[in-house]
Structure formats: structure tokens, C-alpha cells
Amino acid sequence: MSDAGNIAQLTLRERQGRDRGWWQQTQDAFLPESTVRLSWFRGTGPEFVARSRAKSSSDWRCGY
């Protein structure tokens, strides 16, 4: 598989894990020193997973 294909597969596994609450699968997609930058988050991959997990178990809602 090409590098682009490998990256696409890794991204899909991370998104699937996060959407389904499979936190180990989500965590496995990030190196400890990875960086995540989103509209609501800036930090490392492991911090992103921890924050995502906390948000998923709270009453936080998008407001739509």
C-alpha cells in the first residue's frame, strides 16, 4: 500500500475509534509526541484522546 493509503487507513481507524468510543484504538493512532490542532483543541495526540473521552462521557453538546 502507498504512503497515502496507509495514512488514509490510519485516519479512518482513528475516526472510527473516536466515534465509537474505542479509546485504545483511537490512542493507538497517535505517537506520544504527536500534535493535534483543531478549532476546540491544541495539544498532543494522547491529550486529544483524553479530552475526547472526557467530552464523550459528559453532558457537553454542540448546541445545534
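Does Pro 46 count as buried, partly exposed or exposed?

1. Pro 46 counts as partly exposed, because its relative accessibility is 25%, where buried means under 20% relative accessible area, exposed means over 50%, and partly exposed lies in between, with a 1.4 Å probe and protein chains only. Pro 46 is found in helix 3, and, leaving aside residues up to four places away in sequence, Pro 46 touches Gln 27, Phe 30, Leu 31, Pro 32 and Ser 34, a contact being heavy atoms within 4.5 Å. From Pro 46 to Ser 34 the separation is 12 residues in sequence and 8.0 Å in space, C-alpha to C-alpha.

2. On the basis of the model: this is a predicted model, in which local features need pLDDT of at least 70 and side-chain atom pairs count only at pLDDT 80 or more, while totals for chains, interfaces and linings use all residues. Residues are numbered from 1 along each chain as its sequence is written, and side-chain values use heavy atoms, with hydrogens and water left out.

3. On confidence, pLDDT being the predictor's confidence in each residue on a scale from 0 to 100: the mean pLDDT of the protein is 91, and 91% of its residues reach 70 or more. Where pLDDT is low, the predicted coordinates should not be read in detail.

4. On the overall architecture, the protein has 3 helices and 2 strands, which follow the pattern α-α-β-β-α when read along the sequence; helices (H or I, at least four residues) and strands (E, at least two) are DSSP runs, numbered from the N terminus. The C-alpha atoms fill a box of roughly 40 × 25 × 20 Å, taken along the principal axes. Of the 64 residues of the protein, 25% count as buried, and the protein exposes about 5,000 Å², of which carbon and sulfur atoms supply 52%; these areas come from the Shrake-Rupley method with a 1.4 Å probe, and for residues only the protein chains shown count as cover. Among contacts between residues at least 6 apart in sequence, 16% join residues at least 24 apart.

5. Helix 1 has 18 residues and reaches 26 Å from its first C-alpha to its last, close to the 26 Å expected at 1.5 Å a residue, the expected span being 1.5 Å times one less than the number of residues. Gly 5, Glu 14 and Gly 17 are buried in helix 1, and the buried residues of this helix pack against helix 2 and helix 3. Just after helix 1, Gly 21 takes a positive phi of about 75 degrees.

6. Gly 17 deserves a separate entry: this residue of helix 1 (residues 3-20) counts as buried because its relative accessibility is 0%. Not counting residues up to four places away in sequence, Gly 17 touches Trp 22, Gln 25 and Thr 26. Gly 17 and Phe 30, in turn, are 13 residues apart in sequence and 12 Å apart in space, C-alpha to C-alpha.

7. Which aromatic residues form one cluster? Phe 30, Trp 40, Phe 41 and Phe 48 do so, and the count comes to 4 aromatic pairs, under the rule that rings of Phe, Tyr and Trp (its six-membered ring) pair if their centres lie within 6.5 Å, with planes under 30 degrees apart counted as stacked, over 60 as edge-to-face and the rest as tilted. The pair of Phe 30 and Phe 48 is edge-to-face, because the ring centres are 5.9 Å apart and the planes stand at 70 degrees. Phe 30 lies in the loop between helix 2 (23-28) and strand 1 (35-37) and Phe 48 in helix 3 (residues 45-56), so this pair ties together parts that are 18 residues apart in sequence. Both Phe 30 and Phe 48 are buried. Trp 40 and Phe 48 form a tilted pair, at 5.7 Å centre to centre and 40 degrees between the planes.
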